[in-house]
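Okay, let me put the next one up on the screen. Have a look at it for a moment, and then we'll walk through the sheet.

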Amino acid sequence: MDIKVGDRLILKKAHPCGSYEWEVLRIGADFRLKCAGCGHQIMAPRSQIEKKIKQIKTNT
């Protein structure tokens, strides 16, 4: 997958705040994501996040 820092990911399941959208802050073996709804940040393995992606909104 071609994911870059600044892209927004729409995931299959909603965050507890109700938002499906996450902003990519860091990429590598792990992703650091920031919830677009509440601002909560998580770090998760790339393989786990790639399975959960529904759509990618590129930042161009």
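So, how many bridges join β1 to strand β2? Three, and the two strands run antiparallel, with β2 covering residues 21-26. Quick housekeeping: this is a predicted model, where local features need pLDDT of at least 70, side-chain atom pairs count only at pLDDT 80 or more, and totals for chains, interfaces and linings use all residues. Residues are numbered from 1 along each chain as its sequence is written, and side-chain values use heavy atoms, with hydrogens and water left out.

On terms, strands are DSSP runs of E, at least two residues, numbered from the N terminus, and two of them pair if DSSP finds at least two bridges between them.

We've got an open sheet of five strands, ordered β4-β3-β2-β1-β5, with antiparallel pairing. At the edges sit β4 (41-45) and β5 (53-57), each pairing on one side only. On average, neighbouring strands here are turned by 35° against each other, direction ignored; the axes behind that are lines fitted to C-alpha atoms, with angles running from 0 to 180 degrees between N-to-C directions.

Then β2 and β3 (residues 30-35): four bridges, antiparallel, with Val 24 opposite Leu 33 in β3. Their hairpin has three residues between the strands, and Gly 28 takes a positive phi near 155° in it.
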